[in-house]
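Hello,

Here is the structure I said I would pass on. My notes follow below it.

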Amino acid sequence: MTTKHVPAQFIWTKESLPLTDRKVCFRKKTLKPADIKKLSIEIWADSRYYLWINGIFIETGPSRCWPAYPEKDCLTVDVSDCPQELCIAVLIWNFGISTSQYIHGNAGFYLSCTGADKPNNNFYIGTDTIWKCKQHLAFQTPVPRINVSQTWVEIYNDSLFPADWITSNFNDSEWNNAQPAVPPFSRKGEAYRLESMPKREIPLLTSVIKKPILVVQEKRILCRGIGIRIDYKGAFYPDDKTTEDILQTGYICCLINSPVRQKNIITLADRLWPEVDEHISLNGKQYTLKPGERGKECILEKGENLFLLDVSGARQRFTSDLHFFTETAIDFLPPIKDSSALFAALGPFEYARIGNIVCADGFSVNIKQPDFVAAGKCASIEELKRFTKWLNPIDNILFDGAKLRSVGVKTEPIHSIKRTYEKNLYFDASDKNGDHEIILDMGVEVSGFLSFFVEAEERVELDFLFFEHLANGNPEIPDDLDISLRYTCQEGKHFFRSLHRRGFRYIAIRTRSHGKTVISNLSLDERLYPLKQIASFYSNDGILNDIWHMCKRTVELCSEDVPADSPAFEQAFWIGDSYVMSLYYQWTFGETEMMKHALMLAARSMNYSALPDCHLPAGVHLLLTAWAQLWILTAKDYWQHTADKDFLKVLYPWLEKAAEGFKSHIDEHGLFTIHAWNMLDWADMDTPYRGTVTHLNALLVLCFQCLAELSAVRNLPDKQKKWEKAAAELAHNADIAFWNSERNCYIDSIHEDGTRSKTISVQSNLMMLRCGCVPEMKKKSIKSFVLSPPPDAVVPGSPFMAHFYYDFLFEEGFGKTAVAGIKKQWSPMLEHGSCWETFKGFYKDRLTRSYCHAWSSAPSYLFGAYILGIKPLLPGFAKIQIAPVPAGLKHAKGIVPIPAGNVYVEWRIKEQSFFCTITLPASIEYVFKAPEEYSTTTKLTVNFI
């Protein structure tokens with residue numbers, strides 16, 4: 001017989017906390033019955049939880065979700081070695097703002113715990129007001145954001161909070177009791193219980209410990225001047241919890257106190273994107289930094305100097321990284337009376353919410369507004385007083401962070417020879433030549449949570465800088481990214497585990513101390529989606545083999561609780577990226593559950609928007625039109641891979657809603673026209689925010705065709721005919737509207753005023769061809785254009801678009817050309833070990849922005865689908881085609897996983913004959929197609945398992 005327990009409550013703390021970046025510790029001690037060896041735990045939190053049992057770290061979560069659709073994590077924890085006294089400790093991190101992974105909600109958490117191996121006994125723990133709680137004061141706040149997509153920079157002072165709070169021996173008698181809170185998804189008058197919350201749809205992430213491979217640099221580093229990261233979003237827009245981009249006018253200001261008249265080099269370490277003129281003012285004198293220019297030399301007068309940074313324009317990020325270099329030390333004075341803040345926001349004088357900076361067309365603010373203009377001419381703090389109503393203190397500031405350590409720096413090598421990383425890293429005390437810095441190489445990109453031990457003779461400040469590329473011996477940091485860590489501790493031995501997921505390859509560690517310091521057991525807990533390691537690819541070309549493995553590793557690294565775009569820069573779920581990722585998952589891992597989850601997550605965005613959001617769940621509802629269309633195509637591919645009729649039944653109404661939403665934008669000319677972010681590729685295509693865009697009409701034709709096919713699957717003949725008709729009409733209209741008879745190809749767009757685009761691109765013509773919009777009589781011309789574009793044509797600029805281009809080359813029988821192109825474009829990435837967001841040459845000052853980007857993993861699909869030749873002919877791979885493409889190779893073999901098992905293909909060319917062996921599940925029907933050049937000399941062996 002069991003005792004009925006009180007359901008777990010959603011709880012939070014009574015303490016007065018900051019409005020953002022709130023970290024609170026919760027504890028509950030109890031006696032565990034001796035016969036319970038395993039615990040069953042259900043837990044959900046807003047925004048994040050970190051769970052320990054008797055001091056041992058267990059799990060972090062939950063998975064990202066929409067506020068109305070939370071999913072609890074269900075854990076089974078082995079406690080057979082735990083003493084009878086059980087301590088459950090949970091740290092809850094509530095961001096206080098939205099990010100590209102999370103939508104702001106009410107802080108708190110649920111937890112319930114029972115005996116997993118004794119489910120019918122009376123042992124139960126649930127969150128209630130008996131739980132003890134306390135703000136975790138070791139995490140410094142306020143601090144700046146990492147970037148527009150992620151949360152807050154991590155700064156930790158070990159001396160400000162007891163590290164043993166997670167253990168059963170800790171005395172929490174002075175902590176507060178928790179109090180009930182309102183869940184973010186609770187409807188008015190409704191009591192929402194943890195018991196009724198759905199379970200997490202996807203499995204928990206795997207945990208693999210990764211350690212550095214090499215010490216690649218060791219040196220003294222002397223940082224000169226002052227570096228400052230300033231996050232002014234809260235000062236400009238204190239009530240804004242979104243991630244929406246804003247068009248604005250305003251300034252950041254400060255008072256620089258100089259003991260002498262002297263030169264000052266002011267550096268903007270973080271230029272805007274796209275780069276435009278940026279303006280600063282010192283004592284009323286105006287300076288302009290042109291694109292590509294980072295710094296300006298100015299004169300500081302003795303005493304107070306008023307500095308203004310103009311932050312007007314379309315802004316995606318609300319942080320500025322500034323560096324001030326002078327020969328004689330300077331300091332800063334508060335520009336606002338009765339405030340200790342050393343920087344202030346002056347504005348906004350006007351603003352308009354624009355969703356995304358690329359969608360600013362049609363929005364405006366008055367840059368000639370009198371108060372804005374006059375404020376920018378102020379030469380002293382006295383003159384600034386008349387603008388007091390626009391002045392607000394900026395609290396989110398970081399001085400001399402690790403990101404800015406390279407500006408104005410002097411270095412002195414200690415050891416220049418690479419050496420193997422060992423357990424301990426030894427740091428000497430700081431001296432006149434600077435601080436001791438060591439740079440570690442993990443060997444490849446990694447993604448997860450850092451931990452380490454540190455033993456210090458005296459108080460030490462450790463600055464960790466995480467980055468993906470070491471360029472000419474210097475860390476390369478993208479603009480608008482600061483994933484650094486500052487850790488401070490007193491003498492003695494300490495342990496730290498970071499709360500942040502970070503993606504990186506290299507770590508620069510700098511110590512500031514008057515004594516020696518030892519860091520030991522530094523490692524990364526890499527937590528990724530559990531993908532099956534089944535697929536393989538091997539050929540006689542070693543470079544192709546390496547490219548396939550690199551692509552496979554990239555997809556793994558971008559597999560969190562969603563298909564994330566990158567582990568370092570955004571960690572965001574972009575639904576267009578996931579279109580190509582769905583193919584990489586299937587052909588490389590046989591994985592479909594991740595895509596099922598992702599498809600549903602995207603569908604639920606239409607509870608908030610007419611069409612699917614481009615990245616989600618996020619603090620802005622933003623339409624990137626092609627990405628919403630690709631979501632429909634992803635759903636069709638999911639059906640083709642799985643033949644999952646039950647899920648199609650659930651998803652179909654959402655697909656139909658999206659298709660109807662698109663259809664509502666068909667204009668009087670029978671063309672799809674929409675005001676939105678209309679890009680397809682990182683290239684100079686002409687795809688205006690306001691206009692009628694070729695590739696969008698083409699993709700919509702394919703979307704309507706997909707709806708027709710899926711309607712047929714669901715036995716809905718009337719809807720099938722409706723969407724077939726819509727597809728045919730739009731294809732016909734698009735062919736006529738975008739055709740350029742002089743160039744025998746399609747133009748990129750028609751502008752809002754009716755002007756026809758002068759831009760022709762491979763991308764637009766390829767999409768018209770791929771989506772069935774090109775009449776038979778024009779196909780030869782368009783294929784010729786795509787294969788041999790004229791010199792003025794725009795060509796694919798990103799690995800994402802290259803996926804479609806190389807797929808076309810293979811389909812058209814140009815496998816050799818495709819392989820040569822892939823080797824040329826992907827080979828430069830091999831040294832790094834993961835696929836880049838852009839190809840070499842896209843950026844002028846760096847190789848790329850993100851060195852690990854899932855949308856760039858096309859070879860992981862192309863090699864299996866074409867070189868091995870495995871593709872489905874019927875849904876669920878019930879019938880497959882095996883049509884190997886030699887592509888200039890002599891030998892290839894590999895495995896592609898399908899729902900019924902694995903398909904193994906090996907072929908070899910010998911003495912002008914094509915020898916092929918196929919092994920596949922007996923339940924699968926197959927069609928074999930020999931390479932055309934070996935159609936009469938092919939020898940096939942088939943094995944069934």
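**Helix crossing, a covered helix and a sheet**

Helix α4 passes α14 in a left-handed crossing (the near helix is turned anticlockwise from the far one by less than a right angle). This is a predicted model: local features need pLDDT of at least 70 and side-chain atom pairs count only at pLDDT 80 or more, while totals for chains, interfaces and linings use all residues. Residues are numbered from 1 along each chain as its sequence is written, and side-chain values use heavy atoms, with hydrogens and water left out.

The axes of α4 (residues 542-557) and α14 (residues 815-826) come within 10 Å and cross at roughly 65 degrees; axes are lines fitted to C-alpha atoms over the stretch in contact, and angles run from 0 to 180 degrees between N-to-C directions. Helices are DSSP runs of H or I with at least four residues, strands runs of E with at least two, numbered from the N terminus. I543, L544, I547, M550 and C551 of α4 meet V819, I822, K823 and W826 of α14 (heavy atoms within 4.5 Å).

In helix α7 (residues 625-642), 18 of 18 residues are buried (under 20% relative accessible area, 1.4 Å probe, protein chains only). Just after α7, A643 takes a positive phi of about 55 degrees.

An open sheet of five strands runs β40-β48-β49-β50-β52, with mixed pairing (two strands pair if DSSP finds at least two bridges between them). β40 (536-539) and β52 (938-944) are at the edges with a single partner strand each, so one side of each has no neighbour in the sheet. Strands β48 (residues 891-898) and β49 (residues 901-910) run antiparallel, joined by eight bridges. H891 stands opposite R908 in β49.

Regards

Note on methods: Expected span 1.5 Å × (residues − 1). Buried < 20%, exposed > 50% of the residue type's maximum accessible area, 1.4 Å probe, protein only.
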